[in-house]
Amino acid sequence: MENEDFKNEISEPDFGQNNEISELSKSGYAALRENKIEDAITIFKSILDMEENNNYALVGLGDSERKRNNFSSSIEYYSKCLSYHPGNNYALFGLADCYKAVNQLSKAIEIWEQYLIQDDRNITVLTRVADAYRKIKDFKKSKSLYLKVLEMEENNAYALIGLGHLNYDFKEYRDALYYWTKMYSTNPESVDIRVLTSLGNCHRKLKSFERGVPFFEKALEKDPLNFYALFGLADCYRGMNQQYRSIQYWNKILEIDPNNKVILTRAGDAYRNTGDYKLATEYYNKAMSIDFDVYAALGLALINKSEGNYTEAINRLNQLIEDDPKNYRLYIDIADCYMKINEKQKAIEILESFQKQGLRSQAISDMLDKIHTNRPLI
């Protein structure tokens, strides 16, 4: 979650003495606040006719173009202001936000850090710089700035959310959970839906699925069609081996997005695991009709195996090995099929073919040992 409240932030300079330019500047910024952008631009340009490099007008024009998402024009105005008025905070602030908007994060950071030389306790700028460092994967600098914000404002929402994302991105799920939980506890009833789904996702990653469910359910109360909440609930129930419950949420997603190949395959897996091979086959085939999907192809192979069509299952699994020769699970399933049709030597050969690639798998070694010693595979 980003600092969206500041997306269209307008500079508010001190207009100084009460002269004609000052009054025009006030009118220009008033028009900008009321979203009368064309009026604001006209006023600011009239100031430039009076004073060619007036800083209020140049910043105002930069803000106007930034509000219209004309970032290249906005950058020109801010840069011109800084060339005549080095260190102008409002120009620095706007210029950095423009570079952020066009994804030139290194430039944005450079400008924001110039701003912080003059005002190192501006929480808005500190969180922006922390966000930018997070996006360029600089964990240390990002974390340091977020924590600095929390020292200044203990429950700053942007810092807590940013720290959650930062730790989540670096797979530090327990730390992410700590910061998002702190954010949630400040106001659980009105917390943003994205915080709820983030909390749920942490529990999914930590495999504490039952603890993730309530957060996804709360998210659905706010938005019954939220994709992330529906996906999260389905995946939690899958992780809890309650496939019959996951099905309803996979299907709710498919009501919204009927050609989602990934979800069709997930639903197919759920039906297969509940023993409904007919519906599972329908879902897998629909996914495959959209585009080849390795998981759908695997699901169809496993259905054949479960129904005793071992030769067909072997053929399908061998095709998958051609594209994924290092997937040990495929070799185990093929070997199991061979054992089911009393082809012990072929089972041994397929398992050994995995090892001949120089690959190691304890599961492969264990299965070979069981076959050689005539022990049950299960």
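Reader: Let's start with S142. Buried or exposed?

Author: S142 is buried, with a relative accessible area of 0%. Keep in mind that this is a predicted model.

Reader: Noted. Where is S142, and what is it in contact with?

Author: S142 lies in helix α8, residues 139-152. Leaving aside neighbours within four places in sequence, S142 is in contact with A130, Y133, R134 and L166.

Reader: What about L105, buried or exposed?

Author: L105 is buried, at a relative accessible area of 9%. L105 sits in helix α6. Setting aside neighbours within four places in sequence, L105 is in contact with Y99, K100, A132, K135 and I136.

Reader: And how far apart are L105 and L58?

Author: In sequence L105 and L58 are 47 residues apart, and in space 23 Å, C-alpha to C-alpha.

Reader: Quick geometry check: what span should α3 have, and what does the model give?

Author: At 1.5 Å a residue, the 13 residues of α3 should span 18 Å, and the end C-alpha atoms are 18 Å apart, which agrees.

Reader: OK, α3 against α4. What's the packing angle?

Author: About 165°, with the axes of α3 (55-67) and α4 (71-84) 8 Å apart. That makes α3 roughly antiparallel to α4, since angles over 145 degrees count that way. The crossing of α3 past α4 is left-handed.

Reader: Which residues meet there?

Reader: Where are they?

Author: N103 is in the loop between α5 (89-101) and α6 (105-118). K207 is in the loop between α11 (193-205) and α12 (209-222).

Reader: Buried or exposed, those two?

Author: N103 counts as exposed at 59% relative accessibility, and K207 counts as exposed at 62%.

Reader: Next, α16. What is buried there?

Author: In α16, A280, Y283, Y284 and A287 are buried. They cover an arc of only 95° around the axis, which puts them on the same side of α16.

Reader: Why would residues spaced like that point the same way?

Author: An α-helix has 3.6 residues a turn, so residues three or four places apart point the same way.

Reader: What's on the other face, and what covers the buried one?

Author: The face turned away from the buried side of α16 carries the exposed residues K278 and S289. Covering the buried residues are, among others, α14 (243-256), α15 (261-273) and α17 (294-306).

Reader: How about N285?

Author: N285 lies in helix α16 as well. N285 is partly exposed, with a relative accessible area of 39%. N285 and T265 are 20 residues apart in sequence but 9.0 Å apart in space, C-alpha to C-alpha.

Reader: You mentioned α14. Which of its residues are buried, and what covers them?

Author: In α14 the buried residues are Q243, S246, I247, Y249, W250, N251, I253 and L254. Their cover includes α12, α13 (227-239), α15 and α16.

Reader: Last one: what is the end-to-end reach of α14?

Author: The 14 residues of α14 reach 20 Å from first C-alpha to last, close to the 20 Å expected at 1.5 Å a residue.

Conventions: Residues are numbered from 1 along each chain as its sequence is written. This is a predicted model: local features need pLDDT of at least 70, side-chain atom pairs count only at pLDDT 80 or more; totals for chains, interfaces and linings use all residues. Side-chain values use heavy atoms; hydrogens and water are left out. Buried means under 20% relative accessible area, exposed over 50%, partly exposed in between (1.4 Å probe, protein chains only). Helices (H or I, at least four residues) and strands (E, at least two) are DSSP runs, numbered from the N terminus. The arc is that of the directions from the helix axis to the C-beta atoms. Contact means heavy atoms within 4.5 Å. Axes are lines fitted to C-alpha atoms, for helices over the stretch in contact, and angles run from 0 to 180 degrees between N-to-C directions. Angles under 35 degrees count as roughly parallel, over 145 as roughly antiparallel, 65 to 115 as roughly perpendicular and the rest as oblique. A crossing is left-handed if the near helix is turned anticlockwise from the far one by less than a right angle, and right-handed if clockwise. The expected span of a helix is 1.5 Å times one less than its number of residues.
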